[in-house]
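Open the model in your viewer and keep the sequence panel beside it. This tour goes from one selection to the next and says what to find at each stop.

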Amino acid sequence: MSNFKIADSKLADAGRLRIEWAESRMPVLMHLRESGKKDLPLRGMKVAGCLHVTKETAVLVRTIRAAGAEVSWSGCNPLSTQDDVAAALAAEGTSIYAWHGLSKDEFYWCIDKTLEMKPTLTLDDGADLIFSVHDRYKDLAKTVIGGTEETTTGVHRLRSMGKAGKLLYPVIAVNDSETKWDFDNVYGTGQSSLDGILRASSVLVAGKTFVVAGYGHCGRGVAIRARGLGANVIVTEIKPTAALKATLDDAAALGDIFITATGMKDVIVGRHFDVMKEGALVCNTGHYDCEINLVDLEARSKGKREIRHANEEYTLKNGRRVYVLAQGRLVNLAAAEGHPSEVMDMSFANQYLALCKLAKDGKSMKPGVYELPPEQDQELARIKLTTQGLSIDALTAEQIAYNDDYAAGT
């Protein structure tokens with residue numbers, strides 16, 4: 001029996017080219033791969049991964065395997081798998097269960113298949129794999145040394161599990177590393193979300209009123225890029241220090257393009273659709289599709305059709321039209337290619353190093369959510385600068401002494 005299920009094996013050659021392009025843009029991870037080939041820090045480990053199957057993820061998978069691990073993989077979103085990349089990984093011998101357009105049942109079937117290997121390490125984006133272990137395969141948790149989590153939504157979910165005393169093994173919150181959230185979340189999400197919106201709609205952004213729900217790192221990145229394209233940007237929030245802006249109820253009647261980036265359900269609901277302009281575009285860049293209440297929209301609609309790829313036109317009973325991109329799922333991955341390789345380089349370098357840390361120390365770590373040391377952030381940033389041919393200033397011995405001299409004053 002084969003150890004994979006994908007859309008089309010004939011796509012492998014095309015996928016291989018995409019992966020090789022990503023490798024040319026990811027020097028930090030490639031540097032770590034060369035070291036891993038010699039030291040084999042993951043020798044004997046079995047890694048079950050649930051993360052978007054993109055060309056960048058394939059570079060990470062290749063690196064994990066080069067370090068000595070056995071890998072079994074699934075996609076963490078029904079619409080984010082790049083089928084040619086999945087085919088290329090399968091052709092290389094990677095156990096992978098992923099294809100674009102999964103149903104909910106197929107999504108969890110793919111996760112279940114990756115767990116048949118009885119992993120010693122888990123790698124997650126959104127915590128669906130980890131939760132599956134804890135909910136339906138608790139016996140497997142006894143042999144899992146530890147896990148990693150890629151995204152804000154997943155980290156929040158895992159911290160809630162830890163607070164409830166339900167977390168059965170240590171998990172490293174890769175998302176909380178500075179070289180992840182301040183680059184991947186801000187610059188990656190900002191660029192790729194706008195890329196997805198443009199591919200799905202081909203609208204002119206300049207002059208439009210662009211409403212961003214949520215002003216965390218992802219929302220901030222989207223707002224910066226939308227403003228850079230000439231949009232009039234409105235930000236809505238619930239956290240006073242992040243907000244001091246308009247509320248979504250006020251913005252609903254003003255916006256031309258809406259994007260949610262909150263990690264919370266029911267951000268855009270029926271009352272917002274009731275007052276939206278004719279032709280408003282609605283999309284989401286949060287991990288789950290529950291941020292936009294499509295049930296409310298369906299109830300207000302008399303018709304729906306796919307007007308172009310990843311773009312569904314809802315005709316409301318009053319005749320107005322609202323367009324939902326990528327079925328309310330991650331617009332940057334379902335309608336585009338996800339984050340640029342350059343920014344995923346550091347995120348996935350963190351993932352790799354987190355797995356190495358768990359392979360070495362995980363058995364001595366208690367169940368809980370951990371962060372990677374800040375020294376690792378600085379080292380990865382240093383490697384990234386070096387690969388770009390850049391250097392930075394260094395403090396002199398006198399400046400270092402001054403920095404620590406509490407007696408120095410006026």
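**Stop 1: D266.** Select D266. Is it buried, exposed or partly exposed? The relative accessibility of D266 is 36%, so D266 counts as partly exposed, because that class lies between the 20% and 50% cut-offs. This is a predicted model, so keep that in mind at every stop. Now find where D266 sits in the chain: it is in the loop between β10 (257-260) and α12 (270-275). Check the backbone too. Phi of D266 is near 55 degrees, a positive value, and D266 is not a glycine. Most residues other than glycine have a negative phi.

**Stop 2: A127.** Go to A127 for another positive phi. Here the angle is about 75 degrees, and A127 is not a glycine either. Which loop holds A127? A127 is found between β5 (121-124) and α6 (128-136). A127 has 0% relative accessibility, so it counts as buried; the cut-off for buried is under 20%.

**Stop 3: H287.** Select H287, in the loop between β11 (280-284) and α13 (294-299). H287 has a relative accessibility of 5%, so it counts as buried. What does H287 touch, apart from residues up to four places away in sequence? Show H52, C76, N77, D125, G126, T151, T153 and L330 around it. Then look closely at one of these, D125. The backbone oxygen of D125 lies 3.1 Å from a polar atom of the H287 side chain.

**Stop 4: A7.** Move to the loop between β1 (4-5) and α1 (12-24), where A7 lies. With a relative accessible area of 47%, A7 is partly exposed. Which residues are in contact with A7, leaving aside neighbours within four places in sequence? They are D83, A98 and W99. Draw a C-alpha to C-alpha distance from A7 to W99.

**Stop 5: S160.** Select S160 in helix α8 (residues 152-163). S160 is at 38% relative accessibility, so it counts as partly exposed. How far apart are S160 and A359 in space? Their C-alpha atoms are 25 Å apart, and the two residues are 199 apart in sequence.

**Stop 6: the whole protein.** Clear the selection and zoom out. Colour by secondary structure: the protein has 17 helices and 15 strands. The radius of gyration is 22 Å, close to the 22 Å that the globule rule gives for 410 residues, so the protein is as compact as a globular protein of that length. The spans are about 75 × 65 × 45 Å.

Next, colour by burial. How much of the protein is buried? Buried residues make up 54% of the 410. Now show contacts between residues at least 6 apart in sequence. Of these, 72% join residues at least 24 apart.

Finish with the surface. The protein exposes about 18,600 Å², and carbon and sulfur atoms supply 52% of that area.

Technical notes:
Residues are numbered from 1 along each chain as its sequence is written. This is a predicted model: local features need pLDDT of at least 70, side-chain atom pairs count only at pLDDT 80 or more; totals for chains, interfaces and linings use all residues. Side-chain values use heavy atoms; hydrogens and water are left out. Helices (H or I, at least four residues) and strands (E, at least two) are DSSP runs, numbered from the N terminus. The radius of gyration is taken over C-alpha atoms; the globule rule is 2.2 Å times the number of residues to the power 0.38. Buried means under 20% relative accessible area, exposed over 50%, partly exposed in between (1.4 Å probe, protein chains only). Contact means heavy atoms within 4.5 Å. Accessible areas come from the Shrake-Rupley method with a 1.4 Å probe; for residues, only the protein chains shown count as cover. A polar contact is a pair of N or O atoms within 3.5 Å; within protein, one must be able to donate a hydrogen and the other to accept it, and residues adjacent in sequence count only if both atoms are side-chain atoms.
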